[in-house]
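Me: I would like to learn how to read side-chain features in a structure. Can we take them one at a time?

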Amino acid sequence: MTTTSHIDRDLDLSNANRGVWLVKVPKYIANRWEKASGDIEVGKLKISRTPGQKAQVSLTLSPAVLNLGDAREEDIPKDHRLDVSTVTQQTLGVFSHMTPVNTDSVVPETEKLFMEGRIVQKLECRPYADNCYMKLKLESIRKASVPVRQVKQLDRIVQNYKPVSDHKNNIEYTERKKAEGKKARDNKEAVLEMLFAAFEKHQYYNIKDLVKITKQPIIYLKEILNEVCNYNSKNPHKNMWELKPEYRHYKEQQIEMKKEESEDDE
């Protein structure tokens, strides 16, 4: 078992007391910001404060970001509002790290870790329900409703065989079941005679063999077996039936009883 060694690194806490915002933006804004280069303005944030009320925060995307979309994409809304909520029950922070650039130097640089600040507020960016947003939402619903699998008309044969409604094995099985017909219940005494005759040949049978011998419905046969047989649930004769002790060698018992009756008559 291999163990990974952990290297202790210093954490720069100079900005630990700085408050930062955690902002959740719609996916279409995140996609545009990912396409934007690092040297352009992506938007402007406006904070309006009214005494006795929460601050109103709004976001306006820059024209450069709005023009980053493809010609096939729908236009995205320009103005958004940000719903503000204060973080009180959690302690969240933002961290960054700087990887060394020159690893071949005489004194190699180490990875540097920084705490950029503590999250004090969460903001959720929401668009205004204008015509631009409604068109964007309608297009997203239309794309989501398009099925992944579609029916296409073929202009050539793709298989060299015709489909069949039923397979040969299924047909043979159905015909065999019809030929056998529905198993009818015989008289109980007749079934017992067949069972006793079978157990004279072998001591143990499984239920499938007894069904073949007696040609009786399995439920009806089990009712009779429970009266005269024991079911083995353990090895070495697991799942096998055998006669109960009082029914074994029943012919010899009948002969002895007849002898006793004849002696009494004398």
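Me: Which kind of pairing do the side chains of glutamate 139 and arginine 142 form, and at what N to O distance?

Reply: First, a caution: this is a predicted model. Now the general idea. Side chains of opposite charge can pair when their charged atoms come close. Here, glutamate 139 and arginine 142 meet in a salt bridge, N to O at 2.6 Å. Both residues sit in helix 3 (residues 131-145). They are 3 residues apart, about one turn of the helix.

Me: How many salt bridges does the model hold?

Reply: The count comes to 6. Some of them join up. Arg81, Asp83, Glu124 and Arg126 are linked in a network of salt bridges.

Me: Which distances apply to aspartate 83 in its salt bridges with arginine 81 and arginine 126?

Reply: With arginine 81 the N to O distance is 3.4 Å. With arginine 126 it is 2.7 Å. Aspartate 83 lies in strand 5 (residues 79-86) and arginine 126 in strand 7 (residues 112-127), so this pair ties together parts that are 43 residues apart in sequence. Arginine 81 is partly exposed at 33%, aspartate 83 at 32%, and arginine 126 at 34%.

Me: Let us turn to the nonpolar side. Which residues of the largest nonpolar core touch the most other members?

Reply: General idea first. In soluble globular proteins, nonpolar side chains tend to be buried together. The largest core here has 18 residues. Leu195, Phe199, Leu210, Leu221, Leu225, Cys229 and Trp241 touch the most other members. At least two residues come from each of helix 5 (188-201), helix 6 (207-214), helix 7 (218-228) and strand 9 (240-243). Helix 5 gives the most, with 6 residues. A second, separate core has 10 residues, including Tyr28, Val57, Leu61 and Leu123.

Me: What does phenylalanine 199 touch, leaving out residues up to four places away in sequence?

Reply: Phenylalanine 199 touches Tyr205, Leu210, Cys229, Trp241, Glu242 and Leu243. One of these contacts brings us to aromatic pairs.

Me: How are the rings of phenylalanine 199 and tyrosine 205 arranged?

Reply: Read two values: centre separation and plane angle. The model has 3 aromatic pairs. For phenylalanine 199 and tyrosine 205, the centres are 5.2 Å apart and the planes lie at 90°, so the pair is edge-to-face. Both residues are buried.

Me: And what arrangement do tyrosine 231 and tryptophan 241 show?

Reply: Their ring centres are 5.0 Å apart with planes at 55°, so this pair is tilted. Tyrosine 231 lies in strand 8 (residues 229-232) and tryptophan 241 in strand 9, so the pair ties together parts 10 residues apart in sequence. Tyrosine 231 is partly exposed, at 43% relative accessible area. Tryptophan 241 is buried, at 6%.

Methods:
Residues are numbered from 1 along each chain as its sequence is written. This is a predicted model: local features need pLDDT of at least 70, side-chain atom pairs count only at pLDDT 80 or more; totals for chains, interfaces and linings use all residues. Side-chain values use heavy atoms; hydrogens and water are left out. A nonpolar core is a set of buried Ala, Val, Leu, Ile, Met, Phe, Trp, Tyr and Cys residues joined through side-chain atoms within 4.5 Å. Buried means under 20% relative accessible area, exposed over 50%, partly exposed in between (1.4 Å probe, protein chains only). Helices (H or I, at least four residues) and strands (E, at least two) are DSSP runs, numbered from the N terminus. Contact means heavy atoms within 4.5 Å. Rings of Phe, Tyr and Trp (its six-membered ring) pair if their centres lie within 6.5 Å; planes under 30 degrees apart count as stacked, over 60 as edge-to-face and the rest as tilted. A salt bridge is a side-chain nitrogen of Lys or Arg within 4 Å of a carboxyl oxygen of Asp or Glu.
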